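Hi,

Here is the structure we talked about handing over. My notes follow below it.

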Amino acid sequence: MEIVTTIRHEVLTLPAAHLGPDNPLPALRPLDEMHRIEDRDKKDLPRDMARQIGYAPLHSLLPVPVRDGYDRDRAPRSLDALVIENDRLRATVLPGLGGRIASLVHKPTGRELLYANPVFQPANFALNGAWFSGGIEWNIGATGHTTLSCSPVHAARVPAPDGGEMLRLWEWERLRDLPFQVDLWLPDGSDFLHVGVRIRNPHERQAPTYWWSNIAVPEDCRVLAPAEEAYLPHCPNGVGGTPIGYEQRLRRVPVPEYDGVDRTYPPNSTYAADYFYEVPEARRRWIAALDGDGHGLVQTSTDTLRGRKLFVWGRGPGGRSWQQWLTEPGTGGYCEIQAGLARTQLEHVRLEPESEVSWLEAYGPFEARREGDWGAVLDEAEARLEGVLPRADVDAAYAAWLPYADTDPGERLAAGSGWGALEVLRTGWKLPGTPFDESTLGEEQQPWLHLLRAGSFPEPPDSRPPGGTLVARHWRDMLETAPATGLTEYHLGVAQWHGGDRAQAVRSWERGLAHDGPSWPVLRCLAVADREERHPERAADRYALAFDDLCREAGEAGGGTAGEWTAVVAALGREAIEALLAVGRTADARSVWERLAPATRARGRFRLIEAGLLLAEGRQDEARAVFDAGFEVADLREGDEVIGRLWARFTDEPLPERYDFRMRPTP
């Protein structure tokens with residue numbers, strides 16, 4: 001039979017915000033990790049779940065930078081896309097945005113099977129900030145949305161098991177230092193997109209591993225999964241659940257009905273909630289979302305991908321605000337059905353040294369009865385799934401794909417980062433199927449390549465802020481033996497801080513002050529150390545000195561690097577104002593504010609900072625005027641109630657709807 005699957009480039013034009021620059025300051029503060037469970041509650045959990053919840057939780061974003069430079073000024077912009085298509089399905093993939101599947105269309109019916117976001121709007125939901133909603137995203141790294149959400153991945157054509165073509169996506173995940181790949185192909189005549197996933201651990205040590213495939217679907221649906229119970233956070237006052245982290249409790253509840261309400265219908269929940277389904281060991285792994293006519297999407301997999309989950313935003317004001325924030329007001333809302341390596345997203349799985357884990361997923365249109373007795377509905381749906389895609393066929397497709405996972409990619413269709421190439425050069429690892437070619441090394445990797453080859457860390461070729469720091473033990477060892485310079489001591493201190501040796505990190509930064517060159521990078525690091533050690537006055541002193549030195553340095557630089565300096569002045573200014581206000585130094589905080597660029601002060605985050613500064617100065621009416629004029633904090637974090645707390649400092653009035661992003665019941 002002739003193979004008719006095609007892979008082609010396409011340009012997707014839609015209203016899109018600017019991503020903007022990354023935050024140039026290293027993320028030294030502990031990770032704001034909401035997803036955790038109190039130890040007292042683990043004793044009631046299955047042993048393997050409790051063990052994996054306690055295994056290697058992420059405490060730091062290093063070496064990954066925070067992505068907080070995006071805005072909400074959407075305008076028509078072009079996004080590079082790759083389309084893989086046969087006579088039944090058309091999948092649109094965004095290689096520049098984590099390899100997200102933005103759309104999956106069933107051609108015979110013309111149905112969009114996913115929630116395809118009509119806009120590109122980053123928001124602060126990824127571990128490192130920028131994330132966007134819609135489609136199918138590949139989450140690797142640690143609990144939360146991947147740091148690759150808005151980053152490019154490598155892409156290429158690869159032979160498929162049926163003689164056609166696959167689209168291979170691959171990258172180096174930097175939080176855990178693991179390479180991974182995602183292979184997509186459409187068997188001829190198939191209604192199901194096949195997805196082969198592999199994560200490798202090339203190290204001589206165990207590595208914590210995390211994976212969840214998150215599938216956005218229209219929320220006006222019923223979600224089916226083969227489970228009679230689910231794990232979800234403790235929900236106060238019987239309101240139907242709040243996201244993990246707000247209560248930090250996990251309990252086992254019945255499915256589908258809990259607290260008198262059928263929670264498998266997303267619109268029935270008032271507040272945001274995570275339902276981690278307890279799929280029995282012997283049951284097939286699958287999850288489906290069906291509309292009122294019983295049509296929708298089903299996802300199934302080989303048994304390695306054991307977990308299934310439903311996430312709902314809820315019908316409360318906070319959930320509605322977030323839905324509108326992430327897309328266009330007036331468009332339909334969405335929920336997410338998900339599949340992962342463990343029962344819950346609180347767990348990390350051990351990957352043994354020099355080993356790998358892999359599985360196969362399948363996505364396609366589905367039709368089944370969704371109303372009636374839960375057990376009968378599940379049995380009938382599972383029988384229908386067996387009829388259109390037998391479980392044995394999924395296992396056979398996985399076995400057929402495995403030999404092709406090592407096949408060298410053919411035509412390169414998109415380029416990711418150069419971090420994998422740097423690690424391969426350092427180690428000499430052979431990673432068949434996922435080549436990290438030296439040609440992908442870029443400007444970010446050059447100083448580290450010089451350290452690797454010459455044993456010294458070079459000064460920047462022109463006047464610009466220091467780049468990112470690598471923190472793995474092998475890079476720290478190289479920095480420790482490199483000739484001491486101010487820049488080397490700065491990077492060494494960051495690596496030591498990440499490794500938990502805070503006293504040694506402070507000593508390295510203090511040594512850095514004795515060298516020629518700008519002092520603001522190490523002064524800022526020392527200020528963070530002071531805040532963490534609860535020396536707020538000394539932290540404020542160092543922040544003030546760091547900001548003064550930075551402004552001098554930026555004023556002397558200018559030229560083609562002006563944009564980089566604007567970003568670092570904004571980032572350090574934000575931290576300095578916060579530290580100065582914390583110790584009541586309002587005049588110094590005002591001095592920092594006035595030296596920020598006008599465009600920086602106009603950003604929503606800084607308008608919020610201005611309102612707090614005005615309140616600290618006793619100018620309550622002017623602070624209220626900032627709110628009345630309106631602002632949007634583009635990088636507002638999920639669960640962050642800073643806007644509501646500030647509002648409550650100058651008025652007893654209800655928080656205006658435009659500022660209400662609270663994800664839990666109000667007191």
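**Strand 10 and its surroundings**

Strand 10 and strand 11 pair in the antiparallel sense, over 7 bridges. Pairing requires at least two DSSP bridges between two strands. Strands are DSSP runs of E with at least two residues, helices are runs of H or I with at least four, and both are numbered from the N terminus.

Before going on: this is a predicted model, where local features need pLDDT of at least 70, side-chain atom pairs count only at pLDDT 80 or more, and totals for chains, interfaces and linings use all residues. Residues are numbered from 1 along each chain as its sequence is written, and side-chain values use heavy atoms, with hydrogens and water left out.

Back to strands 10 and 11. W172 sits opposite P179 of strand 11. The two strands form a hairpin with 4 residues between them. In its turn, D177 has a positive phi of about 55 degrees.

On the other pairing, strand 9 (residues 154-159) meets strand 10 in the antiparallel sense over 6 bridges. H154 has W170 in strand 10 as its bridge partner. This hairpin has 5 residues between the strands, and G163 takes a positive phi near 95 degrees.

Strand 10 is mostly covered, with 8 of its 9 residues buried (under 20% relative accessible area, 1.4 Å probe, protein chains only).

Which elements each supply at least two residues of its lining? They are strand 10, helix 7 (446-454), helix 9 (486-498) and helix 13 (562-582). The lining has 48 residues; D22, W419, E444, G467 and G468 lie nearest the centre. A pocket is an open set of points on a 1 Å grid over the protein atoms alone, where a 1.4 Å probe fits, with protein on both sides within 12 Å along at least five of seven lines; lining residues have an atom within 4 Å of a point.

Best wishes

Note on methods. Buried < 20%, exposed > 50% of the residue type's maximum accessible area, 1.4 Å probe, protein only.
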